[in-house]
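Work through the exercises below with the model open. Try each task before you read its solution.

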Amino acid sequence: MTTTALGIREYKRGLTDLGNGAYAWLQPDGGWGWSNAGLVVDGDESLLVDTLFDKYLTAEMLGAMQRAEPAAAEIGWLVNTHSNGDHCNGNELVTGAEIVASKACAEEMAHESPAMMAKLMAHAPEMGEVGEFFLHCFGNFAFEGIEQRPPTRTFEGAFDIRVGDKDVHLQQVGPAHTAGDVLAWVPSERLVYTGDILFIEGHPILWAGPVQNWIDACDYIEGLDPALVVPGHGPITDLRGVRAVRDYLVYIRDEARKRYDAGMPVLEAARDISLADYDSWGDAERIAVNTSVLYKEFAGDHGPNDTQALFAMMAQLHKERRG
Ligand SMILES: [Zn+2]
């Protein structure tokens, strides 16, 4: 497949035809909440990889998919790559589909709710610096009235789905970005939908870890030898994009470790790690979460994250970096 000749590297909002019944739905610039999704069609069967952050965005995407492929009117399988709302908040619009995710993803989803998000956003204007940051990240999305639709089928390890004559192989690689990250590999097209195991041209965010699982996930993708890689955020890529994320993870792990061993406080370390090589990547304040979660991992602390504190740190770095 001569990808450049087809122009599919173009990073344009909406549906990108990857050929032979495979599609990506892209939402530039790929920053906070602007996630990608995927569609695989064969004959009259179809599989959707992820829904979007709200119902308006998801409805627009489903409409475009149905115009491109009538089979998308009755999606049989919906895969949620992980539990973050920008990959599952639109599930209720995909009526009748079997919703499949890893067991760990389903468990994590049960602790996250769009209603809580709506409430948080309503209070954001009174929350000072962190409220401003919430609005910067999530102010463009509509969280009211979303009915959470959890997975109807869960698995651990791997799960194979047949879509017409095509195989779609789901592989659990988390905990990494979140507790239950899953990749969707379509061998006949040498195409992989990675969910948030890949952020392209944006800083990855390590909510769960261990970081080694995420590095291993990059190696696993490389081992598949894909021709086309659809990330969870950012433009379609190939192995170069996979290697860039792997290099970033190794770099921040090693840099955070040096500072942890030297006893440097976490926020100071997050400020101190040079991101000069990643200047063009968005959402650099995520280094605060990455450093914090790495410190936690180094300390052998398996407790839950203090999400509020993490957002407060990101808000501070975001403000500082903007000057
Ligand atoms: Zn995402």
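## Exercise 1: A strand and its partners

In strand 11, Y193 is the bridge partner of A184. The model is predicted: local features need pLDDT of at least 70, side-chain atom pairs count only at pLDDT 80 or more, and totals for chains, interfaces and linings use all residues. Residues are numbered from 1 along each chain as its sequence is written, and side-chain values use heavy atoms, with hydrogens and water left out.

**Solution.** 

Step 1. Helices (H or I, at least four residues) and strands (E, at least two) are DSSP runs, numbered from the N terminus. Two strands pair if DSSP finds at least two bridges between them.

Step 2. Pair strand 10 with strand 11. V186 stands opposite L191 in strand 11.

Step 3. Look at the turn. The hairpin of strand 10 and strand 11 has four residues between the strands, and R190 takes a positive phi near 45 degrees there.

Step 4. Turn to strand 9. Strand 9 and strand 10 also pair in the antiparallel sense, over four bridges. Q172 has V182 in strand 10 as its bridge partner.

Step 5. Widen the view. The open sheet has five strands in the order 8-9-10-11-12, with mixed pairing. Strand 8 (158-163) and strand 12 (228-230) stand at the edges with a single partner strand each, so one side of each has no neighbour in the sheet. On average, neighbouring strands are turned by 20 degrees against each other, direction ignored. Axes here are lines fitted to C-alpha atoms, for helices over the stretch in contact, and angles run from 0 to 180 degrees between N-to-C directions.

## Exercise 2: Two faces

**Solution.** 

Step 1. Recall the rule. In a regular strand the side chains alternate between the two faces of the sheet.

Step 2. Apply the cut-offs: buried means under 20% relative accessible area, exposed over 50%, partly exposed in between (1.4 Å probe, protein chains only).

Step 3. Read off the faces. V182, A184 and V186 are buried on one side, and L183 and W185 on the other. Five of the five residues of strand 10 are buried.

## Exercise 3: Backbone exceptions

**Solution.** 

Step 1. Most residues other than glycine have a negative phi, and most peptide bonds are trans.

Step 2. Take D50. Its phi is positive, about 75 degrees. D50 sits in the loop between strand 4 (45-49) and helix 2 (55-68). At 2% relative accessibility, D50 counts as buried.

Step 3. Take D283. Its phi is positive too, about 55 degrees. D283 is in the loop between helix 8 (266-272) and helix 9. At 17% relative accessibility, D283 counts as buried.

Step 4. Check the prolines. The bond from G174 to P175 is cis, with omega near 10 degrees. P175 lies in the loop between strand 9 and strand 10. G209 and P210 are also joined by a cis bond, with omega about 5 degrees. P210 is in the loop between strand 11 and helix 6.

## Exercise 4: The second largest pocket

**Task.** Which residues lie nearest the centre of the second largest pocket?

**Solution.** 

Step 1. Define it. On a 1 Å grid over the protein atoms alone, a pocket is an open set of points with protein on both sides within 12 Å along at least five of seven lines; lining residues have an atom within 4 Å of a point.

Step 2. Read the lining. Of its 13 residues, D29, G31, W32, H136 and D283 lie nearest the centre.

Note on methods: 1 Å grid on protein atoms, 1.4 Å probe; cavity = no way out; pocket = protein on both sides within 12 Å on 5 of 7 lines; lining within 4 Å.
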